[in-house]
Amino acid sequence: MKYLIAGLGNIGPDYEQTRHNIGFMVLDAFAKASNAVFEDRRYGFVAEMRLRNKSLILLKPSTFMNLSGNALRYWLQKEKIENENLLVVVDDLALPFGILRMKSKGSDAGHNGLKHIQDMIGQNYPRLRFGIGDNFPRGRQVDYVLDRFSEEEQKLLPERIDMAVDMIRSFCLAGVQITMNQYNNK
């Protein structure tokens, strides 16, 4: 069985380690733990690996966040992967920092990356939402998501990223329902 695991973010040094790039950060940790290496390929940076009898394609789109759907649609079609075997790792303002929630489907919830994916492939695909909180003044949302994590958040990030990596493994090995039941309240 084949899976596409896509972490959303923006490419380039200006965006590294920002809240909006948590999807890239989680995929980097997942790849590192599995000794997988990203290569610059069409529409993104891609690493291929095996997890037991599963074949995984890790994708960090190079299309920038608001055009993420182009990369996902391309790789889903190229690798003949069904939407239920896609997992999108994305930042979420509606969740407090570090809270992780897996969903089997849903709306874009105002997230431009998810909106573009929905426009390209629909909304019936699993996603792992990584809470980044909403501690910003009114009208400063863009600055907040494109800023780096606070010192306090940075201390907690490794443990939360490790949990996200565990959730990706569970998604591929046990499925979305079991993963939601096991992890969504941790």
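Two strands pair if DSSP finds at least two bridges between them, and the helices (H or I, at least four residues) and strands (E, at least two) named below are DSSP runs, numbered from the N terminus. The model is predicted, and local features need pLDDT of at least 70, side-chain atom pairs count only at pLDDT 80 or more, and totals for chains, interfaces and linings use all residues.

View 1. Seven strands, with mixed pairing, form an open sheet in the order β2-β3-β4-β1-β5-β7-β6. Because β2 (39-41) and β6 (100-103) each have a single partner strand, they stand at the edges, and one side of each is left without a neighbour in the sheet. On average, neighbouring strands of this sheet are turned by 25° against each other, direction ignored, where axes are lines fitted to C-alpha atoms, for helices over the stretch in contact, and angles run from 0 to 180 degrees between N-to-C directions.

**View 2. Strands β6 and β7 with helix α5.** Strand β7 (residues 127-131) pairs with β6 in the antiparallel sense over four bridges, and Arg 101 has Arg 129 in β7 as its bridge partner. Helix α5 (residues 151-174) packs on the sheet and touches several strands, including β6 and β7, and its direction makes about 170° with that of β7; contact here means heavy atoms within 4.5 Å.

**View 3. The largest nonpolar core.** A nonpolar core is a set of buried Ala, Val, Leu, Ile, Met, Phe, Trp, Tyr and Cys residues joined through side-chain atoms within 4.5 Å, where buried means under 20% relative accessible area, exposed over 50%, and partly exposed in between (1.4 Å probe, protein chains only). Among the 37 residues of the largest core, Ile 5, Leu 128 and Ile 168 touch the most other members, and the largest share of this core, nine residues, comes from α5.

**View 4. A network of salt bridges.** Lys 2, Lys 78 and Glu 79 are linked in a network of salt bridges, each being a side-chain nitrogen of Lys or Arg within 4 Å of a carboxyl oxygen of Asp or Glu. In the salt bridge between Lys 2 and Glu 79, the closest N and O atoms are 2.8 Å apart; since Lys 2 lies in strand β1 and Glu 79 in helix α2 (residues 68-79), the pair ties together parts that are 77 residues apart in sequence. Glu 79 is buried, with a relative accessible area of 15%, whereas Lys 2 is partly exposed at 31%.

Methods
Residues numbered from 1 in each chain as written. Heavy atoms only, no water.
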